[in-house]
Amino acid sequence: MTSYKELLKQREALEQQISEARRRELSDAVSQVRALVAEYGLTAQDVFPAGKATGKTGRSSTAGTKVAPKYRDPATGQTWTGRGKAPKWIQNENREKFAI
C-alpha cells in the first residue's frame, strides 16, 4: 500500500505531465487553426461574426435587467412588473385599477 506522501508525489508528477501535454496540444491546435486561416483566407469576422450571442446560454443582452413595475397593490404597496406569474392580489381582478 502506498503512503500519503508517495501519492502526493505521484499527483504532482501527473499534474506536471498534464500541464506539459496540454501546452503541446494547444500549440498544435493553434498551428492547425493558423494554417486553415491562411489556406482559406479567413478573417476574424469570418471566424467570430459579430451579433451572435456570447456564452453558452444564448441569452439576449437585456436578460436579467430590471423592469419598472406596472402595477401596485394600494393595500400593501406591493408592486408587480406584469411579467411572470401574477401575484395573488391581482389575480382575477381588473388590472387597470392597479396600474401605476
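A polar contact is a pair of N or O atoms within 3.5 Å; within protein, one must be able to donate a hydrogen and the other to accept it, and residues adjacent in sequence count only if both atoms are side-chain atoms. The model is predicted, with local features needing pLDDT of at least 70 and side-chain atom pairs pLDDT 80 or more, while totals for chains, interfaces and linings use all residues. Residues are numbered from 1 along each chain as its sequence is written, and side-chain values use heavy atoms, without hydrogens and water.

View 1. Strands are DSSP runs of E, at least two residues, and helices runs of H or I, at least four, numbered from the N terminus. The side chains of D73 and T76 form a polar contact of 3.0 Å. Beyond its neighbours within four places in sequence, D73 contacts Q78, W89 and F98 (heavy atoms within 4.5 Å). D73 is buried (under 20% relative accessible area; exposed is over 50%, partly exposed in between; 1.4 Å probe, protein chains only).

**View 2. R95 in the segment after β2.** R95 counts as partly exposed because its relative accessibility is 35%. Residues up to four places away in sequence aside, R95 touches Y71, W80, A86 and I90.

**View 3. V47 in helix α2 (residues 44-47).** With a relative accessibility of 41%, V47 is classed as partly exposed.

Notes:
Lys, Arg positive; Asp, Glu negative; His and termini not counted. Salt bridge = Lys/Arg side-chain N within 4 Å of Asp/Glu carboxyl O.
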